[in-house]
Amino acid sequence: MSQATTAPAPTAEQSGAMTHREVLEALSGLLLAMFVAMLSSTVVSNALPRIVTDLEGSQTGYTWVVVATLLTMTATTPIWGKLADLFSKKVLVQTALVIFSAGSLLAGFAPNMEVLIGARAIQGLGVGGLTALVQVVIASMVSPRERGRYSGYIGATFALATVSGPLVGGVLVDSVGWRWCFFVGIPVAVVAFAVLQKTLHLPVIKREVHIDYLGATLIVGGVSLLLVWVSLAGNQFDWVSGTSIGLVIAGLVVLAAAVYVEMRVAREPVIPMRLFRDRTTSLATMASVLIGVAMFGSTVYLSQYFQLARGMSPTKAGLMSIAMVGGLLISSILTGRIISETGRWKRYLVGGMVLVIVGLGLLAQIDERTPLLVVGLFMSVLGLGLGATMQNLVLAVQNNTAQSDMGAASSVVAFFRSMGGSIGVSALGAVLSHQVAEKVTQGLTRLGIATGDGHQSHSIPDLSSLPGPVRAIFENAFGEATGHIFLVAVPFAVLALVCVLFIREVPLRTTILREDELAPEATAELNSR
């Protein structure tokens, strides 16, 4: 019996447990990789109005520069996660860095909107890998209870990329040009690759591998069809039209086929359906979709609001993001530390969602005349809520998941959050575009200016070149429309809160492996003696 009580100790070591110093060394490379993934979107955010103007794009093009990355990131995230359960996590992270760098080079040299959107799709492949794999690798190194100890570093990295990205992007646009917004991440990716090569040493479990090519293809196809529909409906074709109906039916049929393959056919499914038997995983997944819609769908257009409704330069628009990220940084560090000490997490998840709802409701009141100090205060409230919510949803799922399924489970949460974000950016972008076009058309008509086929009302203007009355029309249109999309996002956040309320809290375990996994390992250890 005395042997049985000491057997689990070496098992933890065999399963990937590392000392604090080893974790920090490996974490440095992972945080650089996470920084690159975050930087890819934040550094471009303030450059987008200038990019679309220079490349003669439209509001639809603006949306698609964002959606292209979200689409490929979303569709491939579960594939990366499943591969992490089968192959070397280190090699996969480095592969994602290489793909991201290739996409960044193409984007930097893009001669038109079409090439830029394609390059952003390639970037998304790499970002999808980094988004999924960093969480998986950390879960392989640190137990759920100890993970809050390192959340401060993760939160700081997230905040640094989110704050510095718009600032760096704004400075680059105003000095050397927007193309450097894509080049700037490449050196960081190279450094991350080298650091990971030196510091990350995880055991690779050798076992028979069966890659679910059919399931992966169906998932990517189904998600892509629905995202294309959401992105183009309202501009390229009507929401209620034959094209809309065709895309929706095709997308749902393909996804239904994917579910059948994952449940009945695949030996190693990309998304194991057994994961959803767990109540926490199912509810956290639903909440992730809704948070993605509310968060990404509304906040991605804040930079456009500051530049087009408030007449700011890209650099000044970047400074405004400090308000939201400051709140996010504070709440993520504090809740992470407290959760690590107590092992209790649900109260912070619920409190975070309440703040998200309040923040979105407050931002729904903004227009082109709202004092900037008030807008910043509203953004900080939303940041406080997001900081306590996003990471803890992943933590709750990882705490209930076996280590053998950690890659798939972690990526499922990221996948559905990204899918919600893609839907949110596309749908709310369509709402924004429609409202701006309607308000601009009405305003120009009052001034006696013909809008022709409507192209002028859908285009993103260079405000500095417009006459005063026309500029005021565009500022008013973008100001009011931005507040409206925050209002549209509120119901999604409320539904996410309902999901969180029904999640059953399980105290965070102090081992990397679950108890049911430790028992067989202990038995095997005893038999080998």
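View 1. T131 sits in helix α7, which covers residues 113-141. Helices here are DSSP runs of H or I with at least four residues, strands are runs of E with at least two, and both are numbered from the N terminus. This is a predicted model, where local features need pLDDT of at least 70 and side-chain atom pairs count only at pLDDT 80 or more, while totals for chains, interfaces and linings use all residues. Residues are numbered from 1 along each chain as its sequence is written, and side-chain values use heavy atoms, with hydrogens and water left out.

Now look for A414: T131 and A414 are 283 residues apart in sequence, yet their C-alpha atoms are 7.3 Å apart in space. Leaving out residues up to four places away in sequence, T131 touches M73 and A414 (contact means heavy atoms within 4.5 Å).

**View 2. A233, a loop residue between two helices.** Find A233 in the loop that joins α11 (213-232) to α12 (242-265). The relative accessibility of A233 is 0%, so A233 counts as buried. Which residues does A233 touch, not counting residues up to four places away in sequence? They are W239, S244 and A430. A427 is another one to look for: A233 and A427 are 194 residues apart in sequence but 8.4 Å apart in space, C-alpha to C-alpha.

**View 3. Helix α16 against helix α20.** Two packed helices are described by the angle between their axes and the distance between the axes. Here α16 (residues 346-363) and α20 (residues 468-501) pack at an angle of about 165°, and their axes are 8 Å apart. Axes are lines fitted to C-alpha atoms, for helices over the stretch in contact, and angles run from 0 to 180 degrees between N-to-C directions. The two helices are therefore roughly antiparallel to each other (over 145 degrees; under 35 is roughly parallel, 65 to 115 roughly perpendicular and the rest oblique).

The crossing of α16 past α20 is left-handed, meaning that the near helix is turned anticlockwise from the far one by less than a right angle, with clockwise being right-handed. Residues of α16 in the contact include L349, M353, I357 and L360, and those of α20 include F486, V490, A493 and L497. Sorted by class, this contact of α16 with α20 has 17 nonpolar, two polar and one charged residues. Ala, Val, Leu, Ile, Met, Phe, Trp, Tyr, Cys and Pro count as nonpolar, Asp, Glu, Lys and Arg as charged, and the others, Gly among them, as polar.

**View 4. Helix α14, another partner of α20.** The axes of α14 (residues 302-309) and α20 are 8 Å apart, and the helices pack at an angle of about 155°. That makes α14 roughly antiparallel to α20. Once again there is a left-handed crossing, this time of α14 past α20. On the α14 side you'll find L302, Q304, Y305, L308 and A309, which meet F474, E475, F478, G479, T482 and F486 in α20. The contact of α14 with α20 divides into seven nonpolar, three polar and one charged residues.

**View 5. Helix α3 beside helix α10.** How do α3 (residues 20-45) and α10 (residues 185-199) cross? Their axes come within 8 Å and cross at roughly 155°. That makes α3 roughly antiparallel to α10. The crossing is left-handed.

**View 6. Aromatic pairs.** The structure holds five aromatic pairs. Rings of Phe, Tyr and Trp (its six-membered ring) pair if their centres lie within 6.5 Å, and planes under 30 degrees apart count as stacked, over 60 as edge-to-face and the rest as tilted. In W178 and F182 the ring centres are 6.2 Å apart and the planes are at 90°, so this pair is edge-to-face. W178 and F182 are both buried. Y305 and F306 make an edge-to-face pair too, at 5.2 Å centre to centre and 65° between the planes. Y305 and F306 are buried as well. For a group, look at F109, W180 and F183, which ring pairs link into a cluster.

How values were computed:
Buried means under 20% relative accessible area, exposed over 50%, partly exposed in between (1.4 Å probe, protein chains only).
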